[in-house]
Amino acid sequence: MSSASDFLREYLTVLILGGVGAALVGLLLGASHLLRPARRQPGKSLTYESGVDPVGTGWTQSQIRYYVFALLFVMFDVEAVFIFPWATRLEAYGGFGLVEMGIFVFILLLGLVYAWRKGVLKWV
Amino acid sequence: MFATLLQATGAGDKLVTPEVPWSHLAPQLILVVGATVGVIAAAALRGRLRRSVGAVGAAVVAGAAIVSIIPLWHRVSNPAQGPISAVNGAIGVDRFSLFVTALLCAAVILASFTAEAYLQREGLDGPEFSLLLLLAAAGGSVMAGANDLIVMFIGIEVLSLAVYVLAAMHARRISSQESGLKYFLLGGFASAFLLYGIALTYGATGTTSLLRVQSFLAERVLTDDGLLLGGLALMLVGFAFKVGAVPFHMWTPDVYQGAPSPVTGFMAAAVKTAAFAGMLRVFVVGFASYADLWRPVVGALAIASLVVGAVMSVVQTNVKRMLAYSSIAHAGFVLLGVDAASAEGTAASLFYLAAYTAMALGTFAVVTVVGGSGDGAHTLDAYRGLGRRRPGLALAMSLFLLAQAGTPVTIGFLAKLGVIRAAIDADQWALAIVAMLTAVISTFMYLRIVVAMYFAESESESDDRGELRIPWGVGVTIGVAVIATLVLGVVPGPLEHLSDDALPVLVAVDGR
Amino acid sequence: MFAIDPLLESVDGSAVLIVLLKVVVAFAALMIAVMAMVWFERKVVARMQNRLGPNVAGPFGILQTLADGVKLFFKEDLLPREADRPVFRLAPYLSLVPAFLVFVVVPLGGDFSNDRHGVVSWFGKETLVQVADPHIGILFVLAMSSMAVYGVMLAGWSSGSKYPLLGSVRAAAQMISYEAALGLSLLAVLLNSGSLSTNEIVSGQSGWNWNLWATGVVPFIVFFIAATAELNRPPFDLVEAEQELVGGFHTEYSSLRFALFFLAEFMNTITMSAVIVTLFLGGPNGPSFGPGWLQAILPTVWFLAKLLVFLFVFVWLRGTLPRLRYDQLMDLGWKLLIPLALGWFLLLAAFKIGQDEGWNRAVVGVVGTVVILLGALLISMAVGTARARRAAVEVEA
């Protein structure tokens, strides 16, 4: 028994559970579809807008700030991904690793401070 | 079942960490630290700095980097010590990388002075402009020194990302935004090509270290080298895009036209220099044993660039587009030197890049002034009658254009002579003849601008563009570029010595 | 390595049986727990608000959730005309399945003392009381909680309606903001355990060596706040702020599809509490005593007890705290939690390495604290000047 298949087997179990979960959801939806009433009326399929007829389409522009936060998130998530392996093998890299990671984190923090100062983090 | 997991995660043995000889990386470190400190200072003191502080600061940092190169150059030139390999063989410090770094720093100084005037005129914010120039130079410097393909990629990304932002820096101008976006999207494509090429090369040779690639290929003959050829081709595409060689030049006219004029100058000078430095190191040194295979392709790129650049530049009416196509033609000339795949070829390429740096930055400094408020007056009409309105400016522009055309007594002539000689030495007669013919065609285009400046009546003599201010920053850039173009054209000795010495080498890591 | 054969060879009946048993039991347990959780929340909140709460269906109203579920099951399902139908139908799956999957990596029991790593013997096979133990269990948790953003985002977007769209964009921004804080506060745990596997992390906490104090409480607080925000629970429930957004991303959902989102939300609360217990409170670790059968189930009992504490705290927060404003939410995440998590993590790392290399502890502590204080000072200076200038501008205007 190779360790590779051990490794993969763990994910196979995860996959099975995911499959069971999806199947259950599908089953419930299917059963409900058969049992529940379906009386279609035009009014029912209107989108909800506080009780009045909807104005315009539902797809409106949203604020650009959301996008900026998404970019910042990518930055910090990638940072975390780089730190994860180092954190698990901290001792192996010793002081050298600490200095290197300190520089890395420091530069990213500078980026956060820069964004902060530029008013990116301010929600108006 | 769990024993393997524990084994994989539990071991606490020390890893061998590479030595980082900080002093040998001084130029790069000065550039990067200067840029990051500058960015933070700019953010912290927002609005309380004079605009010129950014340009002067960037010039001081780049100057410090040049100063730090001098002792390194002496150290590396000393036969007893020789080139240095730093950070476990990732970065090499040899005269090639130092030469290119110095060239990039010089480009930063000149471009930031032009940019200072530009920012002032356009009312643009802050020192980020100059600081991004520093970051771009740092990336280019890493490319020039990279002894490992991954490090090369990091360098090219740092360089490119900074330049993407720079191209879109004039955010109020729609064409600048378009330029930035276009460059970003297509540049991302090119980076992907390069990275994929690196991946295939790794697959074929089992290493990304150029030194080990070199020795791997020198020691054995691959029976099935499809993977390696694919990798070579993709990397060539990536580099050809960055230098703007035909047929990967499509972005050049649009991006050059839309980007702020000082940035266009920097792109023409520094980005090209850095990309060619990477190309020379990877192909001429790393894949020397495959030269027979890549040389015809590079030669074809050179011919295509020369012909398309020269012919297309003639039919343009926008001066920035003309200069964009002329930069494609110049890339073709440098490719002649790469194609030679020899020491003379490399030296001639470096000399050409140095010459083009001076000429391009000077030219685009003039373009910055003539562009006027809003950076929009770049048609040939805007240059009509410049000889009467601003005789000095017109004279400088004529000098730069004639130098680019390859007129004797200027540095441009010697540069063209060098690469053509290298091509002839490498028995590439066809290339040399095409280069000489296209040089003649290009001359026609350069002369069109000169004629417009001196012999055409300005249709709009009376409008307010009659008085063009020449701010001190642009004055400095033009002055330095004129001196470099003329003096080095007459006395090329010192620069030739430097570029002859600056050959890329790969150094083994001591003891491993 | 990726061939299917070695994966399935040497798989005997008992191994398959164990996997299936685990899957079925985990599944049933989770569903029952969710039912109980809904009842628990309603009951506790009602008591806090001096009401009775559900008390009709079954003893103490415990079957109330079931009754609600049955009702929703038989309700007509409406699809808005403007909706992007395939995506609209897909979104509930994307919301619910990741919620199931996080549960996979949580160790639910087993003896972790004396280096036994929670291994138990079932049907003559050594196994763990957790559905699966991938190498990268913690990354898997993060990945799945990111997947949940897709469910919310796509549900809101595909509805073709204004309120859901606004709600989902808000939700996505909030969840990714706190996702970053979540990941960064986790790093402190990894420093202590040196592994990404949840089993290893729990093993490292045996003998009262809980990460809660081993990492110095701060990462736990950051993680807990970030987890609350990640779950969109009060006081971070801006996503479905009824007063502003009607119902948020699920406004257009009805019938069983709505119930599925509801289910996913409570399931996420339970699994996130379980993850917190695993990471910081030693999972099933606890004192062991009594006869053999008691010793076998005690770890699970401890685990459930700790879980219940967190579930109660989540409900308590809901009963106590008012909702944050959106700008306060973003400020808290980006300006406090992320720098705090990063700074604390670096300090811990310096301490660990100092211990390893034999540096003086006091010196490391002093230097680290000085560096962090300096950083905090710099940040506050930068922000302080900004605030002062803004105040000055306001005075001028």
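Predicted model: local features only at pLDDT ≥ 70, side-chain atom pairs only at ≥ 80, totals over all residues.
I count two residues as in contact if their C-beta atoms, placed from the backbone, lie within 7 Å. Residues are numbered from 1 along each chain as its sequence is written, and chains are lettered from A and ligands numbered from 1 in the order in which they are written.

**Chain C**

I looked up the contacts of chain C with a separation of 6 or more and found that 77% of them join residues 24 or more positions apart. For secondary structure I took DSSP runs, with helices as H or I of at least four residues and strands as E of at least two, numbered from the N terminus. On that basis chain C has 14 helices and two strands.

For burial I called a residue buried if 20 or more other C-beta atoms lie within 10 Å of its own, exposed if 12 or fewer, and partly exposed in between, with C-beta atoms placed from the backbone. By this count 50% of the 397 residues of chain C are buried.

I then followed helix α11 of chain C, residues 255-280. Its 26 residues reach 38 Å from first C-alpha to last, close to the 38 Å expected at 1.5 Å a residue; the expected span is 1.5 Å times one less than the number of residues. I noted that 23 of the 26 residues of α11(C) are buried, so the helix is mostly covered. Just after α11(C), C:G282 has a positive phi of about 75°.

Chain A consists of three helices and zero strands. I compared its radius of gyration, taken over C-alpha atoms, with the globule rule of 2.2 Å times the number of residues to the power 0.38. Chain A has 25 Å, whereas a compact globule of 124 residues would have a value near 14 Å. Its C-alpha trace spans about 70 × 55 × 15 Å along the principal axes, and 19% of its 124 residues are buried.

The contact between the two chains takes 63 residues from chain A and 76 residues from chain C. On the chain A side, α1 (3-35), α2 (65-88) and α3 (90-117) each supply at least two residues. The largest share, 21 residues, comes from α1(A).

**Nonpolar cores**

I defined a nonpolar core as a set of buried Ala, Val, Leu, Ile, Met, Phe, Trp, Tyr and Cys residues joined through C-beta atoms within 7 Å. The largest has 196 residues, and B:L134 is among those with the most contacts inside it. Setting aside residues up to four places away in sequence, I found B:L134 touching residues that include B:L31, B:A62 and B:V108.

B:Y352 lies in helix α14 (residues 343-371) of chain B. Why is B:Y352 counted as buried? B:Y352 is buried because it has 28 C-beta neighbours inside 10 Å. Beyond four places in sequence, its contacts include B:F333, B:G337 and B:V419.

B:S261 lies in helix α11 (residues 261-286) of chain B. I recorded B:S261 as buried because 26 other C-beta atoms lie within 10 Å. B:S261 and B:T363 are 102 residues apart in sequence and 9.9 Å apart in space, C-alpha to C-alpha. Among the residues that B:S261 touches, not counting those up to four places away, are B:Y118, B:F364 and B:D375.
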